Amino acid sequence: PPDAPARTRGAPRLLLLAVLLAAHPDAQAEVRLSVPPLVEVMRGKSVILDCTPTGAHDHYMLEWFLTDRSGARPRLASAEMQGSELQVTMHDTRGRSPPYQLDSQGRLVLAEAQVGDERDYVCVVRAGAAGTAEATARLSVFAKPEATEVSPNKGTLSVMEDSAQEIATCNSRNGNPVPKITWYRNRKRLEVPVEMNPQGYMTSRTVREASGLLSLTSTLYLRLRKDDRNASFHCAAHYSLPEGRHGRLDSPTFHLTLHYPTEHVEFWVDSPSTPAGWVREGDTVQLLCQGDGSPSPEYTLFRLQDEQEEVLNVNLEGNLTLEGVTRGQSGTYGCRVEDYDAADDVQLSKTLELRVAYLDPLELSEGKVLSLPLNSSAVVNCSVHGLPTPALRWTKDSTPLGDGPMLSLSSITFDSNGTYICEASLPTVPVLSRTQNFTLLVQGSPELRAAEVQPKADGSWREGDEVTLICSARGHPEPKLSWSQLGGSPAEPIPGWQGWVSSSLTLKVTSALSRDGISCEASNPHGNKRHVFHFGTVSPQTSQAGVAVMAVAVSVGLLLLVVAVFYCMRRKGGPGCRRRREKGAPPPGEPELSHSGSERPEQTGLLMGGASGGARGGSGGFRDEC
C-alpha cells in the first residue's frame, strides 16, 4: 500500500510507548464494561439494564444515553463514583411515565415496559487515565395479541367462477412484534402465495396502533369447488415470546354458502312404505324429491295421467304429502328440479310408481253360526278382494286347517264344534290383514261317558260302603242328566272340556244295588243314552255285627268286674256297718240293736239292704250304712 513506509516508521515509536507505560508503576488497566447486548421483556413488566465496569476504579463517571430514531443520543442519567458511593443524577426522562431511574449500582430501571421503550440504550464509563468504555443494550418488548377474529364472506359464492373469490378476513390486534397469520381448510394448512393467483392467494396489511402495538389483517382468496360446500375454514395468529418461545391463537371455524348447479336428482316414498314399495290404503304418505344443487332450487311435483302432467305442488322443500291415500291414487308421480344453471346433460326430472295396497272385508258363504247334524259334511267358502293378491288361511283354536278360500268339513263329530277363522293377509304388506269367523254347532243325540267305579283293595264290595258315581255327556242341544235314584247333583260344564257336562251321585252300596244297579241317562231332542253301574257281589255285614255284639258284651263284663272289685275293697277297709232308722227311729235313749257272734257286718248290710229294698218306701224300715 502507499502508506506502508509511514506505518513502518511509526511502529518503533508505538513499541517504545508501550514499554514505558508497562514500566511505570502508576499505570492503570483499560476500563471494560459488562452489558447484555439484548434484553427481552413482556409488555407491562419491569426491566433492569445492567452496566458494570470491570476492575477496581476509585473514580469514574457512568452515563446512560438513549439512541432515538434520528440517531441522536440524549443523556438520560449519570452517576459519579466518589470513594465507595455512587452519586446519581437524572437528566432527561423523555416524558416517560413512570420515569427512568438509576439504582444504587448505576443500573437503568424501566418500570412497566412499553413498546415505545424498544430502543438501543448506551452506557458510557469514563475512568480518567484508564480510558473510556462504551456498550449498547438493545431492549425488545413483547406483547401477546388479542384473540384472533375472522370475518367470513356472508354472501353466496359461486363455484362456477373462474377466478379466486374473497373468502374471509382475519385480524390479529395489538401484538408485538407483528404476528404471522396462516389459513386452514378442514384443519389442514393452506399454502397460498401472497401474489395474485387464479387458484388462490392472500393479502396482508400491518397497522401500528396509537399504543405502539401492531395489528395484522390478512384476507384469503380462493377459487372454490363443489367439495367446499361442507368444508370448515379458520385462521391462526402466530406470535413471538421472550427466550425464543412462540404462541398461537386460532379463530373460530366457519362455513361458506356456495352456489353450485344440480348434478343429481333423487325421488322416493319417504313413509310409510314396505320394502316392496307398497303403501297401505288410509295411511298418510310423503313423497320426497331432492337435488344436490345449492341454494335449493324450486321443485315441481306432478302426477302423470294419460301422459299428461297434473301439477300437484311447487315448493322449495321438494315434498308432497298425500293424506289418507286411497287405491284410486295409485299411479305414476314425478318431480322436476327447476335449475337453469345445470348442465344440459343432467337429468332434472324423476318419476316413481305409487302402489296403494288394500284389503276389503272378508265374506263367508255361511252365516256367523252354522248348525249341522252329526256325521254330516259341508263346504264353506271365504272370498276377499285386495291388492296385491291376498293369501287365505283357515284355523281353529290357533291350529292351521289349510290354505285357500275353501274349507271342507266331512264326517263331523262333536269335536268339530267351535269357531273357525278365515284370515286374509298380504305377504308383501305384513301389517295389512283381515279375519272373518263362524261358529259350528253339531246337532245330534247325546254322547255319554261314565266313570266306572272300582271296589276296594280286597276286590269286593260290602254293604254300607260309600261310593260316588259320575256321568258326563255332550250333544246339541245340551243334554240333561238324570239318575235312577234321587240325590244326583245338577249337571255342570266340565272346565277345559268344551261342550261336556257332568253330574255325580253319592250313595251306600246295598244288596239291592248289586241286583238292580244304578243308571244315569243323558237326553236331548235328538235322542238319549243310558248307562248302568253294576257292583257285582256285595258281602253282607253279619260278621261285622257279631264282632260288634261281642265287643259290647266284653265291655259290659269288664265294667261290672271293676265295680265289684271296688266294692269289696271298700268293705274290707271300712269302719263297720251300723243300722240307722230312716223313718220312725226310736226316741233318744232307746238302745240300738247290735249283732253278735260270727255274723259279719258286710253280710248283714247286704241282707238288710236286700230285704229292705222292697219296703224302702215303708215307715218303719231299716238300712245298713257302711
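Cys-289 and Cys-335 form a disulfide, with sulfur atoms 1.7 Å apart; the term denotes a pair of cysteine sulfur atoms within 2.5 Å. The torsion about the S-S bond is -75°, and the link of Cys-289 and Cys-335 is left-handed. Distant parts of the chain are linked by this pair, Cys-289 being located in strand E24 (residues 285-291) and Cys-335 in strand E28 (residues 331-338), 46 residues apart. Strands (E, at least two residues) are DSSP runs numbered from the N terminus. Both Cys-289 and Cys-335 are buried, a class defined by a relative accessible area under 20%, whereas exposed means over 50% and partly exposed lies in between (1.4 Å probe, protein chains only).

The model is predicted: local features need pLDDT of at least 70, side-chain atom pairs count only at pLDDT 80 or more, and totals for chains, interfaces and linings use all residues. Residues are numbered from 1 along each chain as its sequence is written, and side-chain values use heavy atoms, with hydrogens and water left out.

A search of the whole structure finds 5 disulfides. One of these joins Cys-51 and Cys-123, whose sulfur atoms are 1.7 Å apart. The link of Cys-51 and Cys-123 is left-handed, with -75° about the S-S bond. Here too, distant parts of the chain are linked: Cys-51 belongs to the loop between strand E3 (47-49) and strand E4 (52-54), while Cys-123 is in strand E10 (residues 120-126), 72 residues apart. Cys-51 and Cys-123 are both buried.

A further disulfide is formed by Cys-471 and Cys-520, with a sulfur separation of 1.7 Å. The link of Cys-471 and Cys-520 is left-handed, at -65° about the S-S bond. Because Cys-471 lies in strand E40 (residues 466-476) and Cys-520 in strand E44 (residues 518-524), the pair ties together parts that are 49 residues apart in sequence. Cys-471 counts as buried because its relative accessibility is 1%, and Cys-520 is likewise buried, with a relative accessible area of 1%. Cys-568, by contrast, has 46% relative accessibility and therefore counts as partly exposed.

Arg-185 is found in strand E15 (residues 180-185). With a relative accessible area of 27%, Arg-185 is partly exposed. The C-alpha atoms of Arg-185 and Ser-232 are separated by 5.8 Å, although the two residues are 47 residues apart along the chain. When residues up to four places away in sequence are not counted, Arg-185 touches Leu-190, Leu-222, Asp-228, Ala-231, Ser-232 and Phe-233, contact meaning heavy atoms within 4.5 Å.

Methods: Helix = DSSP H or I, 4+ residues; strand = E, 2+ residues; numbered from the N terminus.
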